[in-house]
Amino acid sequence: DESYENYRDYLYALYESLPEGVTETYLHPALEADELKAACGAWKFRVWEYRIMKEPQTRQHIEAHGIKLIDYRQLARMRFGQ
């Protein structure tokens, strides 16, 4: 069933199942716009990802599962000891 709630629950379940260590995931959060709709067939999911990541409960969910969000610079420092 394609709904915002089901997609959010899918992402939450994904985060719950991440193994220990470094895991790369990616999202394409975007604001709804005619340009996005014309350029991307999956535009709805990108809009939902934007909404999901803005929700305070998403941050709470991520932190409750011991997940720390990092960027590529932090990853490089971890990998190369910089």
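A residue is called buried when its relative accessible area is under 20%, exposed when the value is over 50%, and partly exposed in between. The exercises below use this on a predicted model.

**Exercise 1.** Decide which class, buried or partly exposed, applies to Tyr7 and which to Tyr10.

*Solution.* 
Step 1. Tyr7 has a relative accessibility of 16%, so Tyr7 counts as buried.
Step 2. Tyr10 has a relative accessible area of 48%, so Tyr10 is partly exposed.
Step 3. Both residues belong to helix α1, where they stand three residues apart, about one turn of the helix.

**Exercise 2.** State how many aromatic pairs the structure holds, and describe the pair of Tyr4 and Trp48.

*Solution.* 
Step 1. Two numbers are needed, because a pair of aromatic rings is described by the distance of the centres and the angle of the planes.
Step 2. Searching the whole structure gives five aromatic pairs.
Step 3. For Tyr4 and Trp48, the centres are 6.2 Å apart and the planes make an angle of 80°, and the pair is edge-to-face.
Step 4. Tyr4 is part of helix α1 and Trp48 of helix α3 (residues 43-54), so this pair ties together parts that lie 44 residues apart in sequence.
Step 5. Tyr4 is buried at 6% relative accessibility, and Trp48 is buried at 11%.

**Exercise 3.** Classify the pair formed by the rings of Tyr7 and Tyr10, then name the aromatic cluster that includes these residues.

*Solution.* 
Step 1. The ring centres of Tyr7 and Tyr10 are 6.1 Å apart.
Step 2. Planes under 30 degrees apart count as stacked.
Step 3. The planes of Tyr7 and Tyr10 are at 25°, so the pair is stacked.
Step 4. One aromatic cluster is formed by Tyr4, Tyr7, Tyr10, Phe45 and Trp48.

**Exercise 4.** Describe the largest pocket by its volume, its lining and the helices that supply the lining.

*Solution.* 
Step 1. The space in the largest pocket is about 710 Å³.
Step 2. Its lining has 25 residues, and those nearest the centre are Thr23, Ile67, Lys68, Leu69 and Ile70.
Step 3. Sorted by class, the lining consists of 14 nonpolar, six polar and five charged residues.
Step 4. At least two lining residues come from each of α1 (4-16) and α5 (72-80).
Step 5. Helix α5 gives the largest share of the lining, with four residues.

Note on methods:
Residues numbered from 1 in each chain as written. Predicted model: local features only at pLDDT ≥ 70, side-chain atom pairs only at ≥ 80, totals over all residues. Heavy atoms only, no water. 1 Å grid on protein atoms, 1.4 Å probe; cavity = no way out; pocket = protein on both sides within 12 Å on 5 of 7 lines; lining within 4 Å. Points joined across faces, edges and corners; volume = space filled by probe spheres on them. Nonpolar A, V, L, I, M, F, W, Y, C, P; charged D, E, K, R; others polar. Phe/Tyr/Trp six-rings, centres within 6.5 Å; stacked < 30°, edge-to-face > 60°. Buried < 20%, exposed > 50% of the residue type's maximum accessible area, 1.4 Å probe, protein only.
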